[in-house]
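Please brief me on this protein chain.

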Amino acid sequence: MALQSSRFKNNLRLQNASNNNPTLKLGEIGPAVQIVQEALVFLGYPLPKSTKPNGTLDGVYGTETKKAIEAFQRKNNLVDDGIIGENTLAALDAYFIAGPRPVPIPLPKSPPQYELKIHLRSTALAANSKYSDPYTDTFAELLRTGRELMLSNFYTAKNFYKKYNIHLRLLTEDILKLTPEQEKELSSIEVFCRTFGMSTEQQLLYSLGPATGPDEVTAFFVNRMEDISAGELRGCATYQYTHPVNKNRLPLLIVSQVVPMCTQILAHELGHLLLGADFIPAHSEDPMNIMYPDQGLVNRPNIVLDDQQVAQIFKSPLLKKSLNL
Ligand SMILES: [Zn+2]
């Protein structure tokens, strides 16, 4: 098949590729690749990494160009193998045969994207003075696993909420350095969970670490906590933002050392925060639901939110519509 458009027809390499002799694919470098890249950009497939500062394309068939070709192939009902051969060149050529004309690329029909900003703070290790000797292997190991647990909870929550077009943006993460007195006081934290009050231990906790901005969630991973009525807890979300040091802090507590391998506590507690105190029932009876009461004890695959929960979550003032994710 001979290429006809003025954009492609004078390039021998492209004419050969249009006969699969041979095709153009990942790794190739040269003017033929550059011509295809220019066509892709013209048709609305941006190639920022392959575009030099002066605006010319680099002529390197790298991953970015391959992905753009695959997108073009899908758009044109071709096999999206990222290889430029007869069919792909024919489809590309067709756009330019009648002379270059802008082809409107419809905007993807994606639902609105939301953003939730979050800070992570861990006291879990420092709070237990038995592990406070930084010169022992045990301390280093706990520090590593403590941070890993915090981050794996974060990434589990991030992947979970992504399904609902909610992007968790990690602003800061910090292992808090405590004075011996603070360690003692925070080794077990009394909480008033799901209520509007705060214990002195909670207040101390929320005053630690760098200040956070409005509408940002701070998740604390602590050694141990207890509710005066419910006993030992794995997690606790509080709703009222009454801390005198920073009224805008949205506290969220996690016990990390009681259930050291579970990474779904943060997603569950964030669920409470996003649903709000008035959402009834706060917990679901479906074991596959992230709001099932024992999420945080075991890791389950394929956890979900139900339709009512999803509708409620999007009313949360914590979620901000985001245009550029
Ligand atoms: Zn819960």
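Strand S1 (residues 113–122) and S4 run parallel and are joined by six bridges. Helices (H or I, at least four residues) and strands (E, at least two) are DSSP runs, numbered from the N terminus. Two strands pair if DSSP finds at least two bridges between them. This is a predicted model, where local features need pLDDT of at least 70, side-chain atom pairs count only at pLDDT 80 or more, and totals for chains, interfaces and linings use all residues. Residues are numbered from 1 along each chain as its sequence is written.

- Arg121 has Phe220 as its bridge partner in S4.
- Ile118 has Val217 as its bridge partner in S4.
- S1 also pairs with S2, in the parallel sense, over nine bridges. There, His119 stands opposite Thr172.
- With strand S9 (residues 320–322), S1 pairs in the antiparallel sense over three bridges. Glu115 stands opposite Lys320 in S9.
- Strands of a sheet pair through backbone hydrogen bonds, either parallel or antiparallel.
- S1 is largely enclosed by the rest of the structure, because eight of its 10 residues are buried. A residue is buried if 20 or more other C-beta atoms lie within 10 Å of its own, exposed if 12 or fewer, and partly exposed in between; C-beta atoms are placed from the backbone.
- Strand S4 (residues 216–222) is mostly covered, with six of its seven residues buried.

**An open sheet**

- Three strands form an open sheet in the order S3-S5-S6, with mixed pairing.
- Strand S3 (189–191) and strand S6 (231–232) stand at the edges. Each has a single partner strand, so one side of each is left without a neighbour in the sheet.
- Strand S5 (residues 225–227) and S6 run antiparallel, joined by two bridges. Glu226 has Glu232 as its bridge partner in S6.

**Nonpolar cores**

- A nonpolar core is a set of buried Ala, Val, Leu, Ile, Met, Phe, Trp, Tyr and Cys residues joined through C-beta atoms within 7 Å.
- The largest nonpolar core has 44 residues. Ala157, Ala219, Phe220, Val222, Leu253, Ile254 and Leu266 touch the most other members.
- Helix H8 (residues 265–275) gives the largest share of this core, seven residues.
- Another core, of 19 residues, lies apart from it; Leu3, Val33, Ala68 and Ile84 are among them.
- Not counting residues up to four places away in sequence, Ile254 touches residues including Asn153, Ala219, Gly235, Leu266 and Glu269. Two residues are in contact if their C-beta atoms, placed from the backbone, lie within 7 Å.

**Helix H7**

- Gln202, Leu205 and Tyr206 are the buried residues of helix H7 (residues 200–207).
- Seen down the axis of H7, these buried residues fall within an arc of 95°, so they line one face of the helix. The arc is that of the directions from the helix axis to the C-beta atoms.
- An α-helix has 3.6 residues a turn, so residues three or four places apart point the same way.

- Most residues other than glycine have a negative phi, and most peptide bonds are trans.
- Asn20 is not a glycine, yet has a positive phi of about 55°. Asn20 lies in the loop between H1 and H2. Asn20 counts as partly exposed because 15 C-beta neighbours lie inside 10 Å.
- Asn165 also has a positive phi, near 65°. Its place is the loop between helix H5 (137–162) and strand S2 (166–175).
- The peptide bond from Asn21 to Pro22 is cis, with omega near -15°. Pro22 sits in the loop between helix H1 (12–17) and helix H2 (31–42).
- Ile280 and Pro281 are joined by a cis peptide bond, with omega about -5°. Pro281 sits in the loop between H8 and helix H9 (307–313).

**Confidence**

- pLDDT is the predictor's confidence in each residue, from 0 to 100.
- The chain has a mean pLDDT of 81, and 79% of its residues reach 70 or more.
- Confidence is highest in H1, at 95, and lowest in strand S8 (residues 250–255), at a mean of 67.
- The pLDDT is below 50 over residues 241–246. Beyond near neighbours in sequence, this stretch has 14 contacts in the model.
- Where pLDDT is low, the predicted coordinates should not be read in detail.
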